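Visitor: I am new to this structure. Could you walk me through it?
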4 protein chains.
Amino acid sequence: MVRVGILGATGYAGAELVRLLSSHKHTEITMLASKSYAGQKMSEVYPSMVGVCDMVLEEADIDKAAEKCDVVFTALPHGVSHEVISALYAKGLKVIDLSGDFRYNDIKVYEEWYKVEHACPELLAESVYGLCELHRDEIKKARLIGNPGCYTTCSILGLAPLLAKGLVETKNIIIDAKSGVTGAGRGLAIDYHFCECTESMKAYKVATHRHTSEIEQELSLLAGEDIVLSFTPHLVPMKRGIFATEYANLKQPMEAEELIAIYKEFYKDEHFVRVYEKGLPESNHVAGSNFVDIGISVDKRLNRVIVVSAIDNLVKGAAGQAVQNMNIMFGFEEGEGLSHPGFYM
Amino acid sequence: MVRVGILGATGYAGAELVRLLSSHKHTEITMLASKSYAGQKMSEVYPSMVGVCDMVLEEADIDKAAEKCDVVFTALPHGVSHEVISALYAKGLKVIDLSGDFRYNDIKVYEEWYKVEHACPELLAESVYGLCELHRDEIKKARLIGNPGCYTTCSILGLAPLLAKGLVETKNIIIDAKSGVTGAGRGLAIDYHFCECTESMKAYKVATHRHTSEIEQELSLLAGEDIVLSFTPHLVPMKRGIFATEYANLKQPMEAEELIAIYKEFYKDEHFVRVYEKGLPESNHVAGSNFVDIGISVDKRLNRVIVVSAIDNLVKGAAGQAVQNMNIMFGFEEGEGLSHPGFYM
Amino acid sequence: MVRVGILGATGYAGAELVRLLSSHKHTEITMLASKSYAGQKMSEVYPSMVGVCDMVLEEADIDKAAEKCDVVFTALPHGVSHEVISALYAKGLKVIDLSGDFRYNDIKVYEEWYKVEHACPELLAESVYGLCELHRDEIKKARLIGNPGCYTTCSILGLAPLLAKGLVETKNIIIDAKSGVTGAGRGLAIDYHFCECTESMKAYKVATHRHTSEIEQELSLLAGEDIVLSFTPHLVPMKRGIFATEYANLKQPMEAEELIAIYKEFYKDEHFVRVYEKGLPESNHVAGSNFVDIGISVDKRLNRVIVVSAIDNLVKGAAGQAVQNMNIMFGFEEGEGLSHPGFYM
Amino acid sequence: MVRVGILGATGYAGAELVRLLSSHKHTEITMLASKSYAGQKMSEVYPSMVGVCDMVLEEADIDKAAEKCDVVFTALPHGVSHEVISALYAKGLKVIDLSGDFRYNDIKVYEEWYKVEHACPELLAESVYGLCELHRDEIKKARLIGNPGCYTTCSILGLAPLLAKGLVETKNIIIDAKSGVTGAGRGLAIDYHFCECTESMKAYKVATHRHTSEIEQELSLLAGEDIVLSFTPHLVPMKRGIFATEYANLKQPMEAEELIAIYKEFYKDEHFVRVYEKGLPESNHVAGSNFVDIGISVDKRLNRVIVVSAIDNLVKGAAGQAVQNMNIMFGFEEGEGLSHPGFYM
């Protein structure tokens with residue numbers, strides 16, 4: 001049994017990790033750490049877990065973690081995790097970090113978008129961007145994973161075949177993305193008060209959201225040229241889900257069916273990517289599951305492709321992909337603990 | 001008192017007309033017609049109206065309407081209203097039609113997008129497109145109004161200043177629009193079952209939604225050239241609201257502040273258009289009201305303007321704008337019956 | 001024009017007062033005070049009010065209030081308003097207090113349930129319990145109103161005829177009540193985070209909620225004997241609404257029809273009370289309106305009456321009833337500013 | 001591997017069975033039948049199941065079922081399943097029926113509440129009421145299970161210890177129950193249209209709901225005397241969940257702590273029953289899981305106990321309990337396929 005620790009266990013991503021790992025065959029949770037709730041049981045913070053995970057939450061402690069764990073998931077605010085992670089890494093542990101800190105190839109991009117200095121740039125060279133479908137081989141050998149953001153996973157996988165195959169112009173790519181409210185985390189703010197959120201939606205951080213840079217990094221790699229694009233996040237009154245609508249101009253006229261075939265081929269070995277032959281993804285097709293659903297339309301009048309992609313932000317967009325990364329790193333079956341369908345209703 | 005009839009009174013737009021007119025100083029409802037509920041009271045279908053509007057619903061009858069009404073709002077399915085409207089019009093009544101039938105200047109565009117033959121093309125020459133902020137002078141003199149669609153009102157007003165002033169390229173305009181579920185009407189379909197809708201969102205009719213043609217007609221008029229654009233509708237789990245995110249490439253680099261000033265100037269006499277100096281619109285800023293809220297951002301990296309606009313689809317997107325049209329046609333104060341703020345929470 | 005001030009203008013009840021008063025014929029808002037937002041415009045806190053109420057929020061100031069206002073609504077936390085209110089009252093103003101502080105006839109009951117000492121017991125003798133349908137004559141002459149709670153208004157009006165007419169046993173009265181989330185106010189707490197609230201419900205303060213004592217006071221008055229009952233509040237994932245299900249044992253077998261007739265007679269002069277002849281109230285029948293809807297069923301097997309009553313907690317349960325009280329105090333038409341139907345959808 | 005068939009696979013309970021069985025170690029789904037969707041894949045009806053369950057739906061066929069299945073779950077409308085079930089039973093299959101048809105000991109009670117004649121009363125003698133916590137020994141030996149209703153499971157388990165131990169008066173028991181909308185099934189009706197449902201709640205079938213009789217049957221058995229009680233169902237705007245608030249008068253004064261201890265003892269061997277030592281159940285504590293959560297309060301003033309109990313109506317209230325029954329019947333570990341926690345957010 002692989003021994004697993006989670007730092008930041010009581011945020012939504014941390015709690016989702018506990019939920020998913022509770023049915024994983026090859027792991028055992030040996031440490032749960034939480035700054036805010038240390039001393040309480042996990043099941044006091046999340047009563048849904050009574051009888052499933054009644055472990056007592058601890059203060060994060062590197063030495064203990066090194067002793068008790070083989071792998072640690074860190075679900076801490078970006079900027080905070082630098083020090084912890086370099087210490088864990090130095091102890092020889094495998095680390096899967098859910099913050100933005102280890103997702104970048106170029107430290108300048110990170111520092112520009114996150115407005116902080118990176119405390120351990122040397123580790124950036126070691127860390128692998130954990131988008132499993134695109135970086136599986138590197139992940140296998142990695143000891144430090146920068147687990148991708150929710151918006152980015154959904155957006156990148158929605159656009160990857162178009163750019164990898166050079167089918168679209170690299171100018172005028174627009175991603176209009178919508179997120180459920182768990183994406184904002186469990187912190188308190190008037191914006192996430194039920195009465196301000198329900199029956200309302202909004203755009204936010206227009207043209208300035210950090211995930212833009214992460215998407216650009218990966219799509220540029222695929223395209224072999226620098227891509228700058230529009231990414232607009234929206235908040236929608238539902239708990240879970242990222243729904244991205246992606247626009248790009250086709251270089252040549254193509255039918256939707258051709259593109260669907262190309263996507264199917266591109267993702268033919270990917271269990272978690274479902275390309276629609278007819279119909280379009282909806283958030284409840286993926287809610288609770290690790291699937292990425294992709295639908296493709298073409299506007300013939302404009303010679304423009306419109307892709308819609310959907311994931312559960314807490315699963316494929318966070319905890320599920322983190323488990324998938326762990327499975328790859330440890331040589332487990334990649335879908336272990338992630339094989340269930342979503343809950344739909 | 002102007003005597004008002006409503007045909008299709010029990011759909012959501014019809015019911016919203018009754019709600020709004022119940023506090024209008026210069027009107028009296030004299031006829032409510034409903035195919036499905038004739039013989040019942042309005043307040044049996046909508047118990048919220050007990051004590052406010054207990055009128056008995058009738059079968060639509062042209063002669064009676066001509067006798068009892070000065071103006072008739074028709075909220076019938078497109079294609080159905082042709083005959084009724086030409087008969088009402090022939091009787092000398094004023095007619096405000098909430099379907100798509102009288103919104104077009106070019107019958108070919110209508111017939112292409114609606115896939116039906118127009119039964120009274122001669123009336124298209126008489127009818128005025130009732131987007132009050134853009135066609136007020138014509139509305140004053142009109143006897144037949146094609147009341148605009150919800151998506152279109154929100155999208156057109158969001159983009160109008162950019163095109164009227166020639167500030168953006170006319171290629172690569174993209175409108176990513178989101179609607180609350182009342183936009184789909186009161187008919188039954190599995191898609192609108194609470195359990196399929198709540199906690200989920202989706203795109204639909206990608207690149208094929210009829211409102212595209214209505215938006216293109218009006219923006220082309222403003223731009224003085226033919227505009228073809230992408231319009232993508234989405235369904236979001238809330239009752240009311242259209243939220244549109246509009247993308248266009250600026251011809252020259254501009255600051256958001258400059259654009260905001262231009263918008264403010266463009267709409268300076270428009271009570272119902274609120275241009276944000278800071279912050280961005282959210283659906284609950286306009287819910288229940290006739291306001292159109294507009295926020296403007298610029299992505300400097302891309303020299304692209306991103307406008308977000310929000311309305312209540314049942315008010316400014318249907319019943320409210322219909323009342324506003326009536327007010328203009330009859331010379332009432334334009335905001336009569338529409339002066340209340342939305343309900344926010 | 002009556003000059004109106006609101007202290008605590010930015011809470012949900014305060015904001016609802018502004019919404020309702022914006023269409024009141026005989027009032028003018030002359031002062032809005034807010035501790036948290038003084039210096040900002042009301043419409044910065046609630047952007048829905050831009051163009052409707054752009055007044056600047058002030059710090060509460062008794063002297064200014066006395067100068068600028070004829071009547072003041074106080075929507076402050078209980079316990080806080082004592083001092084303010086006695087000062088306003090001493091200045092000769094009319095005061096309508098939305099807290100629990102002036103709702104009680106017996107100071108001991110207040111102090112027992114609220115666990116605070118009452119700072120101005122002498123004013124309790126002056127204050128009138130502002131449940132309009134039951135205390136109209138006293139309200140007419142009052143200068144200080146203790147505006148009733150939301151749960152209490154709904155529960156008392158649902159049960160009043162049964163107790164006033166002596167139709168039920170006074171033991172075994174049970175009120176199972178459900179509230180929308182605005183009932184909890186605009187303060188931040190994890191319980192009201194969208195993601196914790198939506199798709200979930202709960203009971204809280206079982207057997208200990210303060211409104212119990214307010215309900216008991218009024219029902220005891222009507223019954224002419226001391227009533228002790230069960231009141232259980234629940235939180236339900238919707239913004240607005242109180243829905244109360246009331247159980248009482250009939251002294252003698254009766255048909256629902258008989259009881260409905262008695263209720264209709266009891267409330268025959270009450271515009272805002274709607275007794276159902278068939279069907280049952282639902283929250284969206286009253287949302288946004290000042291109506292109280294009541295439906296009556298009888299379980300013949302048990303000789304038990306089950307009443308369901310519904311209000312909008314922010315309107316009839318707070319701001320609407322406060323306006324109704326003001327209308328009575330100033331001799332305006334009682335429904336002024338409150339005549340619109342709810343929004344249903 | 002036990003071979004499983006599901007008749008009525010595309011309703012919400014049927015789909016939930018597929019979801020749960022997809023992670024059951026000892027079963028294999030060999031037949032899915034659906035009247036409305038025969039010929040389509042399960043994953044076309046529920047796209048969430050693409051890649052998890054792509055079986056083609058068939059017309060229900062008894063002979064095929066007998067050949068292909070060891071156990072059949074029937075999730076058909078009550079009254080419809082009689083014939084099918086007696087045929088399946090005659091073929092020697094094990095049958096777990098999710099309708100109301102085989103839940104009763106006394107055919108007269110069934111026929112009175114369901115207003116239909118029972119087509120195979122002889123099977124009622126064979127069938128066992130599948131409330132696992134109360135009838136485990138009989139279930140072990142049964143070949144036909146009447147799987148309990150959602151309201152009833154929640155209500156009975158909430159009250160069972162009180163009646164089994166004779167702690168409360170059997171008069172004046174009141175159950176005020178609230179259901180999420182999946183409880184109404186997937187059929188179309190204006191009542192379940194998103195726009196009519198969201199932001200609203202209501203009571204329905206007051207004093208006449210069929211589950212009353214099922215609750216009375218079981219509680220009478222536990223109490224050893226005939227119990228007649230009030231049961232009031234409500235519809236609440238959430239997808240999943242039954243939340244029941246139960247009231248009963250204590251025979252003698254007792255502290256909540258004493259009652260909690262009695263409940264803990266009563267359910268000490270029950271994995272799926274969680275009795276709260278502090279705090280109270282909320283719907284999201286059980287959503288998606290097979291748990292029954294119970295909280296106990298005492299109103300000392302009235303000597304009345306107030307129990308709140310919560311389940312997921314589709315899991316412990318339908319599909320989950322059906323799987324639990326199957327596990328007991330086949331001698332599997334009782335929690336197999338049901339061990340995951342709920343999804344909370």
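**A walk through the chains**

Visitor: Which residues is Glu199(C) in contact with, leaving aside its neighbours within four places in sequence?
Guide: This is a predicted model. With sequence neighbours within four places set aside, the partners of Glu199(C) come from chains A, B, C and D. They are Lys239(A), Glu199(B), Pro237(C), Met238(D), Lys239(D), Asn284(D) and Ala287(D).

Visitor: Is Glu199(C) buried or exposed?
Guide: Glu199(C) sits in the loop between α9 (194-197) and β8 (202-203) of chain C. A residue is buried if 20 or more other C-beta atoms lie within 10 Å of its own. Glu199(C) has 25 such neighbours, so it counts as buried.

Visitor: What separates the C-alpha atoms of Glu199(C) and Lys239(C)?
Guide: Along the chain, Glu199(C) and Lys239(C) are 40 residues apart.

Visitor: How many helices and strands does chain A have?
Guide: Turn now to one whole chain. Chain A has 345 residues. Its elements are 13 helices and 13 strands.

Visitor: What radius of gyration does chain A have?
Guide: The C-alpha atoms of chain A fill a box of roughly 60 × 45 × 40 Å along the principal axes. For 345 residues, a compact globule would have a radius of gyration near 20 Å. Chain A agrees with that, at 20 Å.

Visitor: What percentage of the contacts in chain A join residues at least 24 apart?
Guide: Buried residues make up 60% of chain A. For the contacts, take those between residues at least 6 apart in sequence. Among them, the share that joins residues at least 24 apart is 70%.

Visitor: Which residues touch the most other members of the largest nonpolar core?
Guide: In soluble globular proteins, nonpolar side chains tend to be buried together. Here the largest nonpolar core has 456 residues. The residues that touch the most other members are Ile6(A), Ile6(B), Ile6(C) and Ile6(D).

Visitor: What is Ile6(C) in contact with, beyond its neighbours within four places in sequence?
Guide: Take the copy in chain C. Its partners lie in chain C too. They are Gly14(C), Leu17(C), Val18(C), Ile29(C), Leu32(C), Ala33(C), Phe73(C) and Ala75(C).

Visitor: Which elements do the buried residues of α4(C) pack against?
Guide: Helix α4 of chain C covers residues 81-90. Its buried residues are Ser81(C), His82(C), Val84(C), Ile85(C), Leu88(C) and Tyr89(C). In chain C they pack against β1 (2-7), α3 (62-68), β3 (71-74), β4 (94-97), α6 (121-124) and β6 (144-146).

Visitor: Which residue just after α4(C) takes a positive phi?
Guide: Look just past the end of the helix. There, a phi of about 90 degrees belongs to Gly92(C).

Visitor: What is the phi of Asn172(A), and what is that of Asn172(B)?
Guide: Asn172(A) lies in the loop between α8 (150-164) and β7 of chain A, and Asn172(B) lies in the loop between α8 (150-164) and β7 (174-179) of chain B. Asn172(A) is buried, with 20 other C-beta atoms within 10 Å. Asn172(B) also counts as buried, with 20 C-beta neighbours inside 10 Å. Neither is a glycine, yet phi is positive: near 60 degrees for Asn172(A) and about 65 degrees for Asn172(B).

Visitor: How many nonpolar, polar and charged residues are on the side of chain A that touches chain B?
Guide: 36 residues of chain A are in contact with 36 residues of chain B. The elements of chain A that give two or more residues are β7 (174-179), β8 (202-203), β9 (230-235), β10 (242-249), α12 (283-286), β12 (292-299) and β13 (304-311). By class, this side has 18 nonpolar, nine polar and nine charged residues.

Visitor: Which element gives the largest share of the side of chain A that touches chain D?
Guide: 29 residues of chain A are in contact with 29 residues of chain D. Two elements of chain A give two or more residues: α1 (12-21) and α12. The largest share, three residues, comes from α1(A).

Note on methods. Residues numbered from 1 in each chain as written. Chains lettered and ligands numbered in written order. Predicted model: local features only at pLDDT ≥ 70, side-chain atom pairs only at ≥ 80, totals over all residues. Contact = placed C-beta atoms within 7 Å. Helix = DSSP H or I, 4+ residues; strand = E, 2+ residues; numbered from the N terminus. Nonpolar A, V, L, I, M, F, W, Y, C, P; charged D, E, K, R; others polar. Rg over C-alpha atoms; globule rule 2.2 N^0.38 Å. Buried ≥ 20, exposed ≤ 12 C-beta atoms within 10 Å, placed from the backbone. Core = buried A, V, L, I, M, F, W, Y, C linked by C-beta atoms within 7 Å.
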